[in-house]
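The sequence and structure are shown first.

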Amino acid sequence: MINIILHPQFLEEKQYVFTVLLGEILGLPFEIVTDNQLDGYRISLPNGNAVHLPDVFWKTLSEQIAYDQNCLPDTVNVMPNNFDGSRLQVIYGSASIEYLQDQIILGADVVATVFFMLTRWEEYVQPEKRDQYGRFPGKASLAHRFGFLEKPVVNEWAEFLFQCLVKLGLPEDSRKKSKFQTALSCDVDHPRLWWSKMEMLRTIGGAFFRKNTIDELR
């Protein structure tokens with residue numbers, strides 16, 4: 001069992017992020033333990049090794065005045081992923097990382113970064129950027145401004161954290177096996193040709209009085 005130790009402030013938001021990252025995407029069992037004295041997050045393995053993350057975002061906020069335009073970042077940092085050579089977006093925190101024998105220490109506030117991408121709360125606090133129909137255009141987003149609108153940021157962070165845990169001793173086969181299948185769908189505006197027998201009779205009757213409607217009657 002993986003233990004996640006964190007400060008209880010904004011607990012529901014933090015639980016949501018770890019449920020998506022570790023539970024839904026990776027399928028890893030975990031337990032959340034709160035610690036009022038902890039400044040950040042510790043993802044701890046049974047062998048005692050751990051990944052340490054800072055709490056850059058929520059520790060500066062009051063739960064009564066959270067999520068306004070003042071919380072939006074001015075820039076986005078990029079951290080190299082040494083496991084696969086990709087580049088990870090750091091919306092909150094720094095791009096620093098330190099690999100030690102029994103722990104990995106990140107400067108990125110991964111939890112707040114993932115929460116930002118999952119909830120897209122930037123759309124809620126910037127109503128002036130919506131169009132005439134109340135829609136928030138992609139071009140107004142932070143992701144578009146910094147060039148990662150089409151990147152699967154949340155999944156990339158999940159994969160990175162998994163590789164960190166593997167490096168610290170988590171068995172590589174402990175994650176869930178993904179299964180893929182094709183699910184075809186279509187946009188149906190009229191699921192029925194007729195909604196009543198009267199409509200059906202009206203259509204058939206009209207076909208008798210129109211020219212070249214033999215195929216329709218068939």
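## A polar contact of Lys-14

In this predicted model, a polar atom of the Lys-14 side chain lies 3.0 Å from the backbone oxygen of His-7.

Lys-14 belongs to helix α1, which spans residues 11-25. The relative accessibility of Lys-14 is 1%. Buried means under 20% relative accessible area, and Lys-14 therefore counts as buried.

## Surroundings of Lys-14

When neighbours within four places in sequence are left aside, His-7 is also among the residues in contact with Lys-14.

## Positive phi at Phe-10

Phe-10 is not a glycine, yet its phi is positive, at about 55°. This residue is found in the loop that runs between strand β1 (2-6) and helix α1. Phe-10 counts as buried because its relative accessibility is 4%.

## Positive phi at Arg-120

Arg-120, likewise a residue other than glycine, has a positive phi near 50°. Its place is in the loop between helices α2 (110-119) and α3 (122-125).

With a relative accessibility of 23%, Arg-120 counts as partly exposed, because that class lies between the limits of 20% for buried and 50% for exposed. Phe-10, by contrast, is buried.

Technical notes
Residues are numbered from 1 along each chain as its sequence is written. This is a predicted model: local features need pLDDT of at least 70, side-chain atom pairs count only at pLDDT 80 or more; totals for chains, interfaces and linings use all residues. Side-chain values use heavy atoms; hydrogens and water are left out. Helices (H or I, at least four residues) and strands (E, at least two) are DSSP runs, numbered from the N terminus. Buried means under 20% relative accessible area, exposed over 50%, partly exposed in between (1.4 Å probe, protein chains only). A polar contact is a pair of N or O atoms within 3.5 Å; within protein, one must be able to donate a hydrogen and the other to accept it, and residues adjacent in sequence count only if both atoms are side-chain atoms. Contact means heavy atoms within 4.5 Å.
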